[in-house]
Amino acid sequence: MSKRNRRYENAVRYGRCGMCDADIPLEHFFERGDVVSCGGCGAEYVIQALQPVRLKVQEEEQGARRKRSMKQGGI
Ligand SMILES: [Zn+2]
């Protein structure tokens, strides 16, 4: 039991798409603020929280200039 606990951190979490009700897999490397898209309907969500998972619909252009975290991702 205890030996497996660590692996749990790397387990894929799932968000729920509000549009089509599909599960959206959030792999362990996703962080708050990242954008994920639903494989079912293509809706985009910003990750608001990971524990528990909370997704917010990515608004199209409307509030375009909200705090955007300028992250330099390593490729
Ligand atoms: Zn969807």
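Visitor: In the hairpin of E3 and E4, which residue takes a positive phi?

Guide: This is a predicted model. Its hairpin of E3 and E4 has six residues between the strands. The residue there with a positive phi, near 85°, is Gly 42.

Visitor: How many bridges join E3 to E4?

Guide: Strands E3 and E4 run antiparallel. The number of bridges joining E3 to E4 is three.

Visitor: In what order do the three strands form the open sheet?

Guide: Strands of a sheet pair through backbone hydrogen bonds, either parallel or antiparallel. Here the pairing is antiparallel. The order of the strands in this open sheet is E3-E4-E5.

Visitor: Why is one side of E3 and of E5 left without a neighbour in the sheet?

Guide: E3 spans 35-37 and E5 spans 53-57. Each has a single partner strand, so one side of each has no neighbour in the sheet. The reason is their position, at the edges.

Visitor: What is the average twist from one strand to the next?

Guide: The twist is taken from one strand to the next in the sheet E3-E4-E5. It averages 45°.

Technical notes
Residues are numbered from 1 along each chain as its sequence is written. This is a predicted model: local features need pLDDT of at least 70, side-chain atom pairs count only at pLDDT 80 or more; totals for chains, interfaces and linings use all residues. Two strands pair if DSSP finds at least two bridges between them. Helices (H or I, at least four residues) and strands (E, at least two) are DSSP runs, numbered from the N terminus. Axes are lines fitted to C-alpha atoms, for helices over the stretch in contact, and angles run from 0 to 180 degrees between N-to-C directions.
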